[in-house]
Amino acid sequence: MKNRVLFIDRDGTILVEPPEDFQVDSLEKLEFVVGAISGMKSLAELDYELVLASNQDGLGTDSFPEETFWPAHTKMLRTLAGEGVFFDDQLIDPTFPQENAPTRKPQTGMFTKYLSEDYDMSQSYVIGDRATDVELAANLGAKAILLQQVSVGEKMLEGKLFAESCVLITPRWSDVAEFLRRTERTAEINRVTSETAIKVKLDLDGAGVSEISTGLNFFDHMLWQLPHHAGVSLKLECKGDLHVDEHHTIEDVAIVLGEAIYQALGSKRGIDRYGFVLPMDECRAMVLIDFGGRADFVWDVPFTRERVGDVPTEMFKHFFKSMCVAMRCNLHIEARGENNHHLIEGVFKAFARALKMAVRRDVFKYDLPSSKGVL
Ligand SMILES: [Mg+2]
């Protein structure tokens, strides 16, 4: 999985910006923004790299000698470290604005490492207090959180093309932390092959509306069990080669959906694991799931009809098996009953409920549910 990053501005965001000269060049001027320490402590537990990104105008020149910068900066880092907040990287540009250096925010010269294949900028954020922080986010292909009073922030961004990168304006660090915790477990995948074109947007914590369209009515009906019973929100569109048959559509949706669940789970910190059993009229369905990192699949669902609606029943096993491999989980599915529609709907419902249980997370107990320390 690609790494995600929170790029955090320093002055005006972590530290109060001195109004007289905008330079934190003595210990007397060192003051934290209200809520910054607890907000960052909360973010440090999430699945992001933390990168400090700051312009320090003229650092190292007579107007801002290095020896006046480092004592306060080091003290800030030590205070944050005491609360479990460590930066993976610190990007500090020392040029003056008039130099127009390619390294100065909002230019991306300092950020080339993060524009590589190893990083997912679309799932990364810039957190800062100025319009240039939002512009930086736009230049990186990331999203921005603007730490300002809403009316002030809106005015800053008025008429600016890069304003659409801004996903949140708030004066409170606690809102930033809550927003990122709530939206952390999302995934977006677009996959195009000669057989199917699939777009999936998934939020395991269920913020947002769901839309499902695969061109197969009965398959859509089954997939709707996920938003209904797993508490996730899911946008899924598949344009497949249905003129050939249903196979590629169902198989590829399974692969992309499984991959999306895997990506959205991230580090799996704080999650439960396990399973669900339910009756559906005369049928009963049992789904056991374990996101332990290994994929094993057990299927025991005896259908007596060749099709249900516009889907061949043999494709349901293939669907869950493909998804199981993509999710890297153990998945055991067993069902009994007479009515084939009930039988498979019970399986999808039980799967959705099992998924809900397995991915549910206790944000107050942010441990890995494994004695091995890895899932
Ligand atoms: Mg700032």
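**Briefing: a helix, a sheet and two domains**

Helix 8, which spans residues 247-265, lies across strand 7, strand 8 and strand 10, and its direction makes an angle of about 30° with strand 8. The structure is a predicted model. The domain assignment divides the chain into domain 1, covering 5-183, and domain 2, covering 186-359. The points below describe the domains, then a sheet, and finally another helix.

**Domains**
- Between the C-alpha centres of domain 1 and domain 2 there is a distance of 40 Å.

- Four strands form an open sheet in the order 7-8-10-9, and their pairing is mixed.
- Strand 7 (186-192) and strand 9 (211-213) each have a single partner strand, so these two strands stand at the edges, with one side of each left without a neighbour in the sheet.
- From one strand to the next, the twist averages 5°.

**The pairing of strand 8 with strand 10**
- Strand 8 consists of residues 196-203 and strand 10 of residues 233-240; the two run antiparallel and are joined by eight bridges.
- One of the residues paired in this way is Asp203, whose bridge partner in strand 10 is Ser233.

**Helix 10**
- Helix 10 is made up of 20 residues, 340-359.
- From the first C-alpha of helix 10 to its last, the span is 28 Å, which is close to the 28 Å expected at 1.5 Å a residue.
- Most of helix 10 is covered, since 16 of its 20 residues are buried; here a residue counts as buried if 20 or more other C-beta atoms lie within 10 Å of its own.

Conventions:
Residues numbered from 1 in each chain as written. Predicted model: local features only at pLDDT ≥ 70, side-chain atom pairs only at ≥ 80, totals over all residues. Domains from an automatic or database assignment. Expected span 1.5 Å × (residues − 1). Buried ≥ 20, exposed ≤ 12 C-beta atoms within 10 Å, placed from the backbone. Pairing = 2+ DSSP bridges. Axes fitted to C-alpha atoms, helices over the stretch in contact; angles between N-to-C directions. Contact = placed C-beta atoms within 7 Å.
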